[in-house]
Amino acid sequence: MLRKLEKAEQKWGGSNTLIDQWLNNRRNLLINYCQIAGIPPYEITENTLPAFDSVKAFCDQLMDYVSEGHFEIYNQVVTACEKNGSSSQELAQQLVPQISETTDTALDFNDKYTEAEDEKVLFHLDKDLSSLGHAMETRFALEDKLLEVLHTKHS
């Protein structure tokens, strides 16, 4: 996911403030994801679980990213696409509901780990991070299609 992000940053970075903000927030989310998952370059040397507070902080960041997309960025992209013709508008209207499907996984993850009062929930973290990672990868691919439209037509 980080390599795909680097390609996106190389392709679209610097062309639009909205795109730069979006990619920067995605980078921060992915770094935090890799840290709590123990994914290189943030490998965990011992077989330990991340701190419960770290997981909750990641959940906050995840919800900020998801919310920013739904309540700020997607609306701006759809509005920009509406101004550029029906093909851009149709693509945006197709992609946003698909992106929304990945939100359920993020919300479930957030609910499970922010509402938990016992750290034993962390024993399920690897499996839950795997599911979340898959949803995030799908989401980022769909968002990149929106970025392409925004960059091509509106930068």
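1. Let's start with the overall fold. The secondary structure of the protein chain comes to five helices and zero strands. Going along the sequence, the pattern reads α-α-α-α-α. Please keep in mind that this is a predicted model. Of the 155 residues in the protein chain, 41% count as buried.

2. Next, look inside. In soluble globular proteins, nonpolar side chains tend to be buried together. Here the largest nonpolar core has 41 residues, and the members that touch the most other members are Phe58, Leu62, Phe109, Tyr113, Leu132 and Leu146. Which elements give two or more residues to this core? They are helix H1 (2-12), helix H2 (17-37), helix H3 (52-83), H4 and helix H5 (125-154). With 12 residues, H3 gives the most to the core.

3. Now for the charged pairs. Side chains of opposite charge can pair when their charged atoms come close. How many salt bridges does the structure hold? There are five salt bridges, and the next points walk through some of them.

4. Begin with Arg26 and Asp144. These residues form a salt bridge in which the closest N and O atoms are 2.9 Å apart. Arg26 belongs to helix H2 and Asp144 to helix H5, so this pair ties together parts that lie 118 residues apart in sequence. Is Arg26 buried or exposed? Arg26 is buried, because its relative accessible area is 2%, which is under the 20% cut-off. Asp144 has 16% relative accessibility, so Asp144 counts as buried too.

5. A second pair sits within helix H5. Glu143 and Arg139 form a salt bridge, with 3.2 Å between the closest N and O atoms. The two residues are four apart in helix H5, which means that about one helical turn separates Glu143 and Arg139. Both Glu143 and Arg139 are buried.

6. Another pair to find is Lys112 with Asp128. Their side chains meet in a salt bridge, at 2.8 Å from N to O. Lys112 is in helix H4 and Asp128 is in helix H5, so the pair ties together parts that are 16 residues apart in sequence. How do the two partners stand in terms of accessibility? Lys112 has a relative accessible area of 31% and is therefore partly exposed, whereas Asp128, with 11%, is buried.

7. Finally, turn to the surface. Which residues gather in a patch of negative charge there? They are Glu101, Asp104, Asp108, Asp111 and Glu115. Asp111 is found in helix H4 (residues 86-114), and at 35% relative accessibility Asp111 counts as partly exposed. Glu101 also has its place in helix H4. With a relative accessible area of 60%, Glu101 is exposed, since exposed means over 50%.

8. Glu101 and Arg139 are 38 residues apart along the chain, and their C-alpha atoms are separated by 8.6 Å.

Conventions:
Residues numbered from 1 in each chain as written. Predicted model: local features only at pLDDT ≥ 70, side-chain atom pairs only at ≥ 80, totals over all residues. Heavy atoms only, no water. Patch = residues over 30% accessible without salt bridge, like charges linked within 9 Å, V, L, I, M, F, W, Y side chains within 5 Å. Areas by Shrake-Rupley, 256 points an atom, 1.4 Å probe, with all protein chains shown as cover. Salt bridge = Lys/Arg side-chain N within 4 Å of Asp/Glu carboxyl O. Lys, Arg positive; Asp, Glu negative; His and termini not counted. Charge placed at Lys NZ, Arg CZ, Asp CG, Glu CD. Buried < 20%, exposed > 50% of the residue type's maximum accessible area, 1.4 Å probe, protein only. Core = buried A, V, L, I, M, F, W, Y, C linked by side-chain atoms within 4.5 Å.
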